[in-house]
Amino acid sequence: AQLQAVQLAAPMTMKLNLSIPLDAESKKTTQVQGMVNFNQGNLLLPAWHLQLPNLSGQFQFTEQGFSADKVVGTLFNGPVELAIKTIELNKMHAIT
């Protein structure tokens, strides 16, 4: 639900791996692993009245959360570099 506060519009490419157990008796769960590359995008954070244009980078995601080590763009008319990851707070996910 936290990601609803983030809007990213950019040309993107995605690689996705899904592992779905088909055996009804299997104790394995569905596993998701993906990577998204984006270039010259626009990130909106409406709750904070922030916009980050010219955003480029890559993020990875699984069924557990997502992360990005080096995302570059513009904030307050200057360059910015971001690192983002999902953390668990009291069994709820948040973005830092």
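This note comments on selected residues of a predicted model.

1. Local features are considered only at pLDDT of at least 70 and side-chain atom pairs only at pLDDT 80 or more, whereas totals for chains, interfaces and linings use all residues. Residues are numbered from 1 along each chain as its sequence is written, and side-chain values use heavy atoms, leaving out hydrogens and water.

2. Leu16 belongs to strand E2 (residues 12–19); strands are DSSP runs (E) of at least two residues, numbered from the N terminus. Its relative accessible area is 42%, so Leu16 is partly exposed (buried is under 20%, exposed over 50%, partly exposed in between, with a 1.4 Å probe and protein chains only).

3. Beyond residues up to four places away in sequence, Leu16 touches Val32, Gln33, Gly34 and Phe61, where contact means heavy atoms within 4.5 Å. The C-alpha atoms of Leu16 and Met35 are 6.7 Å apart, although 19 residues separate the two along the chain.

4. Phe61 is buried, at 18% relative accessibility. Together with Phe38, Phe59 and Phe66, Phe61 forms a cluster linked by ring pairs. Rings of Phe, Tyr and Trp (its six-membered ring) pair if their centres lie within 6.5 Å; planes under 30 degrees apart are stacked, over 60 edge-to-face, and the rest tilted. The count by this rule is three aromatic pairs. The pair of Phe59 and Phe61 is tilted because the planes stand at 50°, with ring centres 6.5 Å apart.

5. Ser56, in strand E4 (residues 50–62), is buried at 13% relative accessibility. Leaving aside neighbours within four places in sequence, Ser56 contacts Phe38, Asn39, Gln40, Lys70, Val71 and Val72.

How values were computed:
Helices (H or I, at least four residues) and strands (E, at least two) are DSSP runs, numbered from the N terminus.
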